[in-house]
Each structure stands twice: as structure tokens, then as C-alpha cells.
Amino acid sequence: MKLINLDHSPYATRVRILIYKKNLPIEIVAPPLALRTPAFLAQYPLGKVPVLELDDGSSLPESTVILDYLEDTCGGLALRPDEPLARAQMQLLARVADTHLGPEALFPIFRAVMSPGETDWQTHRDALHAQLSKLDHLLASFPACTQRSLHLGDITLVPTLHYVVALAPVLSLNNVLGDFPNVETWWQWVQSDAAVKKASDELQLAFEAFSKKK
């Protein structure tokens, strides 16, 4: 199998974390065709990375779909809890990344950073504070992360929060997690995982290089 990957993509970073965590023999490659071109869309209909190319020549897009597929098919270290409530809590962390923190706070900040101009940074700070507060309260209602193993919900959330931390100085927030002790505890805990650290370092280096081109 091959993972069509861009290191600065938060979605591709999720899949790389799983690959590193399970030590899977999956080749990680750059897109073979230019993104947003007819040729790329013809081969990869959703037009995004990551894409997992399977051994039979077919492919799977969408990071959460790929995570589930690899968890279902590759065995090894289990990254889903067995107990139903713990699994539901895992899924909630993934939902926070994809339906709350990402679209409601991070993506507007990212667009503002990439397209400088007149920007109401206070509005962005308020939106980010609201979403981090939601996450903090959610984590407070869960069993302590330090008493369990890394799971797919953590893996899904990691790159989103990585970008929050990386972009916070633009909003003059030099300790963006300081008001959210449960989020900060989770962040320190998850960063202690070697697979997470490796993929996060790749993400940061690639983002820095990407930013210099803008």
C-alpha cells in the first residue's frame, strides 16, 4: 500500500501517526500529479490528500475512513477501545476536531494568516477560546487520558490542535492552552508518544516551509 501524502496536511498527518504507531509497511509518497488539476481529479475523485492506494490498485480517500480501514485490516496494536462508552468518547474527540475546533476556529484563523489584510483578530481569539473551552469541559468529563492508551480520537485531534498551538502567536496568544488545564494535560500527554512526536515534527517543518512560499 501507498499513502499519498503532504506533510503539512493535518489530515495526512493523522494517517502517518497511525502508520508509525503500528509500524506498518506502507510507503509514504508525494502526490504523483499536481493537486487541483483535471488529471488529479480523474485519478482521485475527491481531489484531496491523503489517499491510501491499496495493493489491488483501488484507493481510499478521507483520513478518518483510512484510519478505520487500517485499524480494521492491519491488526497489531489496538487503537480503538473495546468498551462502548470509551469508544464513544474516542469518537467525540474526533468530532471535536472535524466539526467544532477545526471549522469554527482554526480554519478561519488559517485563512486570515494565509491572506493578510484587515482582520478582526479579537473575533478569532474569541472563537478559539470558545472552542477550546468546549474541548476542556469535554475532557474533564472523561476518564484521565494518562490512565488509558492512545486511540483514534487522539490521533484525529492531534494535528488540529498542533496548528492551534503553532498559529496562536499570530493572535498574540503565547500560552494559548494556559486557560484550559485539561486540554494542556492532554496535549502534553499525547506529545509524549513517539509516533505522535515524529508526525508532529514533520508537520511543523513542512508548515514552516510552506509558509515561506506564501
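User: What volume does the second largest pocket have?

Analyst: The second largest pocket has a volume of about 350 Å³. Before we go on: this is a predicted model, where local features need pLDDT of at least 70, side-chain atom pairs count only at pLDDT 80 or more, and totals for chains, interfaces and linings use all residues. Residues are numbered from 1 along each chain as its sequence is written, and side-chain values use heavy atoms, leaving out hydrogens and water.

User: What makes a space a pocket, and what a cavity?

Analyst: Both are sets of points on a 1 Å grid over the protein atoms alone: in a cavity a 1.4 Å probe fits but cannot get out, while a pocket is an open set with protein on both sides within 12 Å along at least five of seven lines. A search of the whole structure for cavities of 30 Å³ or more finds one, and about 40 Å³ of space lies in the largest cavity.

User: Which residues lie nearest the centre of the largest pocket?

Analyst: Ser 9, Pro 10, Tyr 11, Arg 36 and Val 49, out of 24 lining residues. About 870 Å³ of space lies in this pocket.

Definitions and conventions
On a 1 Å grid over the protein atoms alone, a cavity is a set of points where a 1.4 Å probe fits but cannot get out, and a pocket is an open set with protein on both sides within 12 Å along at least five of seven lines; lining residues have an atom within 4 Å of a point. Grid points are joined across faces, edges and corners, and a volume is the space filled by probe spheres set on the points.
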